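Hi,

Here is the structure I promised to pass on to you. Have a look at it first, and then read on for what turned up.

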Amino acid sequence: MTKKIFIAFFFIATFTCSYAQSRLEQLFDDGWKFHKGDIKGAEKSSFKDLKWRTIDLPHDWSIEALPNQKPDEVVGPFDKSSIGTTATAYTIGGTSWYRKTFTLDSNANYTNTIINFDGVYMNSEVWINGKKVGVHPYGYSAFHYDITKFLKPAGEKNVIAVKVRNEGKNSRWYSGSGIYRHVHLIRTQPIHIAHNGVYVTTENIIDDMAVIKVASTLDNQSKMSANVKLSMTICSPTDEVVQTVETPIKNVAKGSSEFVQTITIARPALWSLETPNLYKIKVTVWVNGKETDNVTTTFGIRTIEFNAQEGFLLNGVSVLLKGGCLHHDNGFLGSATIDRAEERKVELLKAYGYNAVRTAHNPPSQQFLDACDRVGIVVIDELFDMWQRKKNPHDYHLYFDEWWPSDLASIVMRDRNHPSVIIWSIGNEINERVAPSGHALRKLLVAEVKKFDTSRPVSEGICTFWDHPNTDWAVTAEAFAALDVACYNYNWRQYNADHAAFPERVMLSTETYPNEAYDNWNQIANNPWVVGEFVWTGMDHLGENGVGNASWIGGTSKQGKGNAQFGGGMLRTWPWFVNNSGDIDLCGFKKPQMYYKDVVWGDSKLEMAVHEPAPEEGARERVSYWGWPQEHQSWSWNGHEGKVLDVRVFSSYPVVRLELNGKVIGEQVAGHSVKHIATFKVPYEAGVLRAVALENGIVVASKEFKTVGKPTKVKLTVDRAQIRNDRNDLAYVTVEVVDCQGNLIPSANIPIKLSVSGAGEIAGSGNSCPNDQESFNSPICKSYCGKALIILRPLMNKSTGTITLMAEAEGLTAGKLEVTVK
């Protein structure tokens, strides 16, 4: 049992921070051996693994190309016989092994060693030197083991073996397989700070003074009680010491004890979406005048509040949440948590107008939250997708009753210092959400979260009863009453009635359809009790194949009536492998629906889209709930001269006019009365299509598309021309097929041969086409709508120098690009 002691003390200083570590905490990602498939005896330290492949972590074996490639059956990592089928992008799980040999340095001060896994999917078993250490079923929670008693003396070789089983139907989306997040080895002295044992909260901010509370949990694993001095040094975002605390504590007993200290900070630099200022606190343990441990924790000073009168308040200022749901994969990298991939994902969301993310439907990586802290995006941190009742035969419901308390504790304790995290979600569309067992579990889960963190509200994504027909929505009242924020999935039409019945209820759209962007935002903008929306999804992800789709139905010809592009249900089968419902595609490029959302959210006042021609006369488009019409930001439709195309102008201005080659096509009302959409019929003619916005008869904005020329060149553009010689750094290269004037050719879907030399490798490549399997991580990659993406990574040997990338296409000037690795 952890004892709690409260201490209050403060002192101000003004020198520069520097941290010397008395504990050893090292990244444990290098030099692993990997074997795909089960193998007898691999847990034994004497097992010979010389022929196994050498890899580094994070690692996802499901994203790797499969053996025995066969057209239309096995393509890249995709297998038509996959048990997960459309849910998991036709990828393959199975059982595999990881092993690593390591030697501990001699240091008499270190008496305890733990190993921390941030995520293994799933059903992992760990052995040290042939002895079983533990098992961990859940694929998304961090876990650690004290391996001290299993280790050999310093200087002797140790072997860790990890068996991972991703078997059966266990996921509704692409999960990936393996040790896909980072691993750390941590060595400490007998009296040390517990794992995740520092917890910082902002208690109050008054008159340019912040009051923070720091709870530190000490583990005394020595043979007797001890007199301890606990010191704290707080550094500002500019790395200056702004506060120090030194407190003697007598007779710290064996076991765990929590010490709570209240500290004031003058003139705090607050964490906000616009200025995501981050502080650091170093907590140091001293015993008999010697430092025995120190831990540095990053935190932000900010306050959050939710109420039905003002909505969501960040530092007392109302914020409307412009959010997206996000699964955890990194596209062509699979689920591997490479730091730069996580960071880029967050940077893209922020650049495209998002200020919030819901990590659907599982906790994210540590690196993702670190990036949200740095960039300034708030997060709904979601714990589980199911409780006791299954969504798939072999999913987490099999382990829930035994494991949820420890998994919940691990997630909340790891993530509670992140200022970006503003809400805990304990579940999503839970089958038993209004059953007696569900109500009982909800109360337990909420109470357990608040054992570890009382500074944030607890929520749960609740949907209509598609899984329980004829159930009245009114029965959700008991469920919402147990939660701090009411999260509605796809049910904005219920807001006003529910507000009338429950005027103090704070509501949030935790899943919305892309084509209902205006309706959702209209509720949010006009009703303070509705605080934001999270579209399904912010970015495309692997799996849930084609849930966002648009297809043609009807048509007059026999070919049209039977063609595969016509008709279709909610999901798309082989060869689809991407959900295709994101506002941002798999490469990180904006999709047409995002331009409409720019206007809805107020980030732009005028945008335009052109619908591609129907494949034949009489064909009609059918768009799924999560889909979007087949539109493009283009006026290049060679071969369709004279054909009438639909052009939609998105605008918050009152009137828009459309012109083609200087001639007026028409003028229409825009703005709120038509949900910011004006539609025109335009016979195609090459040239310049121009949308003009009018206010009181005066032109106030314009947007134009020009017909482009013929493809002449492959253009390469890199996000960063210099990267570190670190496997966690990446360079993202955009490939564009352009004409002689450098204009993108949106119709160019051509094969491009990729090659790389020097100090790096191609870690991933492909395009945003949701069913182009052949281009996925292939040396021959097709452009799609004129674009593709290449991801460069430093070599495993961490050499420095230059990475040279070539992209060649028949008849075009090749693209060449160099990236420096330092």
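Over which ring does the charged end of Arg416 sit? That ring belongs to Tyr199, with the charged end of Arg416 4.2 Å from the ring centre. A charge sits over a ring here if NZ of Lys or CZ of Arg is within 6 Å of the ring centre and within 35 degrees of the ring normal. Lys100 does likewise with Phe28, at 4.6 Å from the centre of the ring.

Before going further, please note that this is a predicted model, where local features need pLDDT of at least 70, side-chain atom pairs count only at pLDDT 80 or more, and totals for chains, interfaces and linings use all residues. Residues are numbered from 1 along each chain as its sequence is written, and side-chain values use heavy atoms, leaving out hydrogens and water.

Now to the domains, whose bounds come from an automatic or database domain assignment. Domain 1 covers 23-188 and domain 3 covers 324-544, and their C-alpha centres are 28 Å apart. Contact (heavy atoms within 4.5 Å) involves 32 residues of domain 1 and 38 residues of domain 3.

Two salt bridges are counted between these two domains, a salt bridge being a side-chain nitrogen of Lys or Arg within 4 Å of a carboxyl oxygen of Asp or Glu. Separately, Arg172 has a salt bridge with Asp385, with 2.9 Å between the closest N and O atoms.

Enjoy exploring!
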